[in-house]
Amino acid sequence: MSTINQADFFAIQRVVEDWAVFRDAGMFDQLAALFHDDGRMMTTWSQVSGQEFAALTRRGWGNGILVNHAMSGCHIDIAGDRAVAQTKVTIAQRAAIDGIWCDAFCDGRFYDLFERRDGAWKIVLRHPIYERDRMTTASPGPAPVLDAELLASFPEGYRHLAYLQTKLGLTVKRDMPGLMGPEVEALYAQGRAWLEGGDA
């Protein structure tokens with residue numbers, strides 16, 4: 001890998017940080033523009049193009065489905081016009097379960113494949129890694145009784161988030177990468193291949 005150019009690093013970091021601001025603030029046209037035309041966004045509830053993701057998020061926003069992303073440390077590997085960025089993130093989503101408002105929090109990372117085209121760094125693939133999650137009630141008081149069988153049917157790293165999203169009527173993908181396991185190892189291998197000129 002070549003020595004990291006600071007200008008490239010900060011250009012990629014800017015896209016990483018803008019994604020969270022635009023996504024959570026409802027700036028959907030700006031969100032879509034962070035992806036290349038063939039860029040893809042993978043989540044528990046959708047695996048679509050960046051433009052489709054922005055459109056689906058706009059629709060969810062209109063229906064009161066709000067999600068927040070708190071992002072912190074970012075590590076970036078750059079090889080020529082390609083890069084892989086890993087960024088710590090906490091995803092927070094609120095919804096009512098059996099009439100009780102609950103918050104699901106999921107800690108993990110965004111694993112991003114970037115490419116510079118026509119001088120602009122944009123996302124080719126954004127894939128979350130779900131490491132650990134939890135659920136709390138939004139206010140003091142009784143908690144809902146969760147369906148233990150349904151909860152256990154989701155991967156450990158995002159089972160509470162998946163439970164809440166399922167209660168919202170979303171179909172949740174059940175093999176997203178976690179902290180360890182074949183799914184995340186396959187994603188790491190994809191990132192290494194990307195930096196060496198492979199496909200996204």
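**Exercise 1. In which helix does arginine 23 lie? Then work out its burial and its contacts.**

Solution. The model is predicted: local features need pLDDT of at least 70, side-chain atom pairs count only at pLDDT 80 or more, and totals for chains, interfaces and linings use all residues. Residues are numbered from 1 along each chain as its sequence is written, and side-chain values use heavy atoms, with hydrogens and water left out.

Step 1. Find the element. Arginine 23 is in helix α1, residues 6-25. Helices (H or I, at least four residues) and strands (E, at least two) are DSSP runs, numbered from the N terminus.

Step 2. Check the burial. Arginine 23 has a relative accessible area of 5%, so it is buried. Buried means under 20% relative accessible area, exposed over 50%, and partly exposed in between (1.4 Å probe, protein chains only).

Step 3. List the contacts, meaning heavy atoms within 4.5 Å. Residues up to four places away in sequence are not counted. Arginine 23 then touches Phe28, Leu31, Phe53, Thr57, Trp61, Val67 and His69.

Step 4. Take a distance. From arginine 23 to arginine 82 there are 59 residues in sequence and 24 Å in space, C-alpha to C-alpha.

**Exercise 2. Describe the chain as a whole.**

Solution. 

Step 1. Count the elements. The chain has six helices and six strands. Their order along the sequence is α-α-β-β-α-β-β-β-β-α-α-α.

Step 2. A compact globule of 200 residues would have a radius of gyration near 16 Å; the chain has 17 Å, which agrees. The radius is taken over C-alpha atoms, and the globule rule is 2.2 Å times the number of residues to the power 0.38. Along the principal axes, the C-alpha atoms fill a box of roughly 55 × 35 × 25 Å.

Step 3. Look at burial and contacts. Of the 200 residues, 46% count as buried. Take the contacts between residues at least 6 apart in sequence: 60% of them join residues at least 24 apart.

**Exercise 3. Which residues touch the most other members of the largest nonpolar core?**

Solution. 

Step 1. A nonpolar core is a set of buried Ala, Val, Leu, Ile, Met, Phe, Trp, Tyr and Cys residues joined through side-chain atoms within 4.5 Å.

Step 2. Read off the residues. The largest core has 56 residues, and Ile12, Trp19, Leu31 and Phe114 touch the most other members.

Step 3. Follow one of them. Leaving aside neighbours within four places in sequence, tryptophan 19 contacts Leu31, Leu34, Phe35, Met41, Phe53, His69, Phe110, Ile123 and Arg126.
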